[in-house]
Amino acid sequence: MTSPLARGEAPGKIILFGEHAVVYGRPAIAAPVTQVQARAHILPASTCTVEAIDLHQQVEVARAPADDPFALMVNLVCHALQRPLPPWRIVITSDIPIAAGLGSGAAISAAIARAMLAGFNARLTDETISALIYEVEKLHHGTPSGIDNTVVVYGRPVWFVRGREPEPFAVARPIPLLIADTGAPSPTKIAVGDVRRAWEREPVRFEALFDAVADIARQARAVIEEGTILALGPLMNANQELLARMGLSSPELDRLIQAALGAGAAGAKLSGAGRGGNMIALVTEETAEEVAEALRAAGAVRIIPTTILPAPAT
Ligand code: MEV
């Protein structure tokens with residue numbers, strides 16, 4: 001087998017606090033999930049193609065429609081580096097579930113960008129790479145906040161406000177979580193579009209909900225910086241309640257959340273766009289196994305244990 005000319009990878013992500021409200025300028029907290037990864041490798045070829053093995057998709061970049069996310073990413077990187085399309089077969093693999101709130105689209109774009117940079121032996125700043133991916137994210141849903149591209153590129157927990165540089169902040173103690181997949185796909189575009197229409201219909205109610213989410217995110221940041229991690233539990237539950245009032249929960253999510261809380265999780269909420277996809281539960285070493293068991297019994301199709309690790313504020 002020909003060995004690859006270059007490789008790139010990027011993690012999945014979870015949103016701990018503030019999804020949806022972040023689209024409307026409120027702060028959110030997100031963290032990378034390194035247990036799942038999107039990867040790209042580059043093989044020599046006669047034309048530039050992108051092949052997504054798990055998605056059974058293959059596209060020749062020069063002939064792709066303008067709204068093809070893979071081809072757009074390749075074109076954006078070439079444009080930023082002022083290089084012509086290279087004769088490469090860019091092969092993507094990913095174990096990040098699609099349309100599940102774990103940032104699979106942004107991670108695939110980041111993996112393509114990183115592999116291409118390695119292949120060209122070139123550099124772009126994280127800020128530029130994130131901005132390029134943001135252009136592709138707009139195809140996935142029209143009004144992305146930019147949180148997904150930011151967290152997968154920076155690869156550390158971020159305090160994010162739309163349109164601003166992400167603010168790294170201190171994580172004083174490990175935050176052990178279980179991520180559980182309802183198995184119900186939920187394209188971000190649909191959930192984000194529905195929230196927009198609801199906000200247009202009832203702006204005062206939705207602005208108040210977004211403000212309440214922002215308040216929870218601010219409290220959560222203080223808790224994470226202090227390291228009183230179990231105090232995040234009630235904040236997660238309160239954030240979930242507000243998301244449910246925005247119409248973003250689902251019977252599957254509610255079932256998993258109730259199961260986790262019933263088995264001793266300190267808090268639980270949906271993560272990402274909602275309506276399906278993944279939920280997160282805050283656990284301890286003592287409760288993790290029982291909560292995982294309860295999630296499985298309640299229908300979780302996949303459980304990913306992850307820990308957000310202590311990190312300084314820089
Ligand atoms: C998706 O991961 C998070 C949302 O808040 C959308 C966005 O921020 O672009 C639902």
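A polar contact, as I use the term today, is a pair of N or O atoms within 3.5 Å. Keep that cut-off in mind for the ligand, which I take first. One caution before that: this is a predicted model.

The ligand has 13 residues around it, and those that come nearest are Lys 13, His 20, His 141, Ser 145 and Asp 148. Three of these have a side-chain N or O atom that I can give you a distance for. For Asp 148, the separation between such an atom and an oxygen of the ligand is 2.9 Å. Lys 13 also places a side-chain N or O atom 2.9 Å from a ligand oxygen. For Ser 145 the corresponding figure is 2.6 Å.

Now the helix packing. Two packed helices are described by the angle between their axes and the distance between the axes.

The crossing is right-handed. On the helix 1 side the contact uses Pro 69, Leu 72, Met 73, Leu 76, Val 77 and Ala 80, and helix 3 supplies Leu 132, Ile 133, Glu 135, Val 136, Leu 139 and His 140. By class, that is 10 nonpolar, 1 polar and 1 charged.

The second pair is helix 6, residues 203–226, and helix 7, residues 232–245. Here the axes are 10 Å apart and the angle is about 165°. Helix 6 and helix 7 are therefore roughly antiparallel as well, and helix 6 passes helix 7 in a left-handed crossing. Helix 6 contributes residues including Leu 209, Val 213, Ile 216 and Val 223, which meet a set in helix 7 that includes Leu 235, Ala 238 and Leu 242. The contact has 11 nonpolar, 2 polar and 2 charged residues.

Helix 6 also packs against helix 5, residues 188–201. What is the angle between helix 5 and helix 6? It is about 120°, with the axes 5 Å apart. Helix 5 and helix 6 are therefore oblique to each other. From helix 5, Val 195, Ala 198, Trp 199, Glu 200 and Arg 201 meet Pro 203, Phe 206, Glu 207 and Phe 210 of helix 6. That contact divides into 6 nonpolar and 3 charged residues, with no polar ones.

Conventions: Residues numbered from 1 in each chain as written. Predicted model: local features only at pLDDT ≥ 70, side-chain atom pairs only at ≥ 80, totals over all residues. Heavy atoms only, no water. Left-handed = near helix turned anticlockwise from the far one by under 90°. Helix = DSSP H or I, 4+ residues; strand = E, 2+ residues; numbered from the N terminus. Contact = heavy atoms within 4.5 Å. Nonpolar A, V, L, I, M, F, W, Y, C, P; charged D, E, K, R; others polar. Near = heavy atom within 4 Å. Polar contact = N/O pair within 3.5 Å; in protein donor to acceptor, adjacent residues only side chain to side chain. Axes fitted to C-alpha atoms, helices over the stretch in contact; angles between N-to-C directions. Parallel < 35°, antiparallel > 145°, perpendicular 65-115°, else oblique.
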